[in-house]
Amino acid sequence: MESRGIPLEFRGDYADARKHLLTAIFFGLVLGVLMGPLQALDKARIDLYQNLPLIKSYYQGLTLHGVALALIWTSFFNVGFLTFTAVRGFGRPLQSRRLSRATLWIMWAGLALALFAILTNRATVLFTAYAPLKGHWTFYTGVALFAVVGTWLLAANVFLTYRAWKRDNPGRKTPLLAFGTLVTLTMWTLATSGVATEFVIYLIPWSLGLREGIDPLLTRSLFWLTGHPIVYWWLLPAYLSWYFMLPRQAGGKLFSESMARLALLLFIPFSLPVGVHHMYTDPGVATHSKMLHGFLTFVVFLPSLITAFTVVASLEIAGRQRGGRGWLGWIRALPWREPSVAAQLLAMVLFTVGGASGLINASYVLNLLVHNTLFVVGHFHLTVGSAVTLTFMGISYWLIPELTGRALRGRRVALAQVWLWFLGVAIMGRGMAAMGLEGVPRRTWWSQAAYQIAEAQAGGVMTAAGGALLFVSMLLFVGVVVVTMRGAEAPARQAVPVAEPLDGGMPVPVWLNRLTPWVVGTVVLTLLAWGPVVWGLLQSPFSAPGLRAW
Ligand code: HEM
Ligand SMILES: [Cu+2]
């Protein structure tokens, strides 16, 4: 039975996913990107912060930007999208409706608390929440609720669903889409142990006055235990789309099921023990720990390379089936006029550059050159700001019609939007990298700085110009979403794009269908890599008073 074309059994889950997605778009993407151009113009030394309502300083705006985009946009989008991939993957609704309701309301409550703190300038601590900068308790509690607790509740629900599915399907291998969802949630649940400890034991009691001082280095280490794997929390849902959906949208097949499973699984053990690469310049962390994390960072590049190979191979199959010839002719044969496909293909192009710049950040010696400069900001706009964000936009172009039963409207605008984002972020990323290489620091109210770097001015203009294009692109995206939601119901529903594997009938090794050994391995590896770091810091406790800078 169907209602507005939506399968009746999924109605509740679809409604929840819709709410998560819309919250992600309007309270994450829109709110965050509203701040973007102000920051980008600041890099060209144009200061628009003097007469703004609510936003009192560059730093308050930057906190809003970072939290809205890195945390709100991604958390809510992921919970919505993974709810969808779980129910379609297992072919059954999530096990507990009450848990789903609780997930949504707890995340909304957290969002309200965090936005209250930021908008009233009670928590201008930037999205990393670094102590000794001190925010209001509503900020830490709010972020903990929507970015951590909510995602745990989803994970619990999906694992309950998995258990029920296994009971009903003894001996069958887990469907790919469901398996990818489980891997993502497993990795993230393990990874959040760091910030959960940081927030519950240190930051929240401290912000409530229950704890005197704070240890900046210890809390920062706990932050990075989660802060590196969070990039895979952003990327894995995009990979699920690239592996399991995009090949079908392009008219092809997934190149290899086993490769896809292997790459996804490798992200569980190798995401966690690498976070010290964010602390190469910090004192108090032993050099051998920095070296180990640096080495493992290059290991985690391996599943990224497997992903690049498998996804490109899948797309090549699609392109050749569509009549593409020669070495590169298959690329042109892909359905570039389809906004959802174009968005994801362009996301991959940007990710190639973004990923390569990540190798520079990860190299111990080169890091000293770029650390805390705008080069790093260029890097993450080319990754989370484009590979992830542009993929999420591409997914939205079919997922919102799927969840609402309405057809996508404004396809040409959508296509222009996608190219505009690509262009904008490429220009802005280049500008930021250039400024960074000239030594311009990140997180600095540049138009107010007492000194200037003449060589960085051209990069500043590029940053501002790219930022303006991105802003227009975001407006177009929201326009398409709104017009689609208000449009007529689609006469016929499109099938959910799920790609068949080329090696479909082949057996999959048991260890590529299991999670437990990977979880055990991850815990061991994480204890080995992080244990000495945290232990060392606990041996030389440090207590700093809180600070409100802006
Ligand atoms: C109109 C679009 C955008 C513009 C113009 C823009 C511009 C900027 C600028 C100029 C900075 C400040 C750098 C600094 O002073 O250190 C920044 C920071 C940042 N941006 Fe964006 N950005 C945009 C979109 C995005 C998107 C889509 C994401 C992620 C999904 C993102 C994530 C971040 C993060 C995490 C920070 C760092 C905040 C911090 O250091 O605490 N931005 N952005
Ligand atoms: Cu990292």
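Trainee: Is histidine 381 buried or exposed?

Mentor: Histidine 381 is buried in this predicted model, with a relative accessible area of 14%. Buried means under 20% relative accessible area, exposed over 50%, and partly exposed in between (1.4 Å probe, protein chains only). Local features need pLDDT of at least 70 and side-chain atom pairs pLDDT 80 or more, while totals for chains, interfaces and linings use all residues; side-chain values use heavy atoms, without hydrogens and water. Residues are numbered from 1 along each chain as its sequence is written, with chains lettered from A and ligands numbered from 1 in the order written.

Trainee: Which protein donors does the iron atom of ligand 1 have?

Mentor: Donors are N, O and S atoms within 2.8 Å of the metal (3.2 Å for Na, K and Ca), and sites may look incomplete because water is not among the atoms. Here they are His65 (NE2) and His381 (NE2), 2.0 Å from the iron. Histidine 65 is in helix α2 (residues 58–90) and histidine 381 in helix α15 (residues 374–404), so the pair ties together parts 316 residues apart in sequence. A helix is a DSSP run (H or I, at least four residues), numbered from the N terminus. Histidine 65 is also buried, at 13% relative accessibility.

Trainee: What is the arrangement around this iron atom?

Mentor: Octahedral, because the 6 donor atoms subtend angles of 86 to 179 degrees. Six donors count as octahedral if opposite ones are over 155 degrees apart and all others between 65 and 115.

Trainee: Which protein donors does the copper ion (ligand 2) have?

Mentor: His228 (ND1), His277 (NE2) and His278 (NE2) lie 1.9 to 2.0 Å from the copper, with the spacing H-x48-H-H along the chain. Histidine 228 is buried at 7% relative accessibility, whereas histidine 278 is partly exposed at 26%.

Notes
Four donors count as tetrahedral if all angles lie between 85 and 135 degrees; four count as square planar and six as octahedral if opposite donors are over 155 degrees apart and all others between 65 and 115; anything else is irregular. Helices (H or I, at least four residues) and strands (E, at least two) are DSSP runs, numbered from the N terminus.
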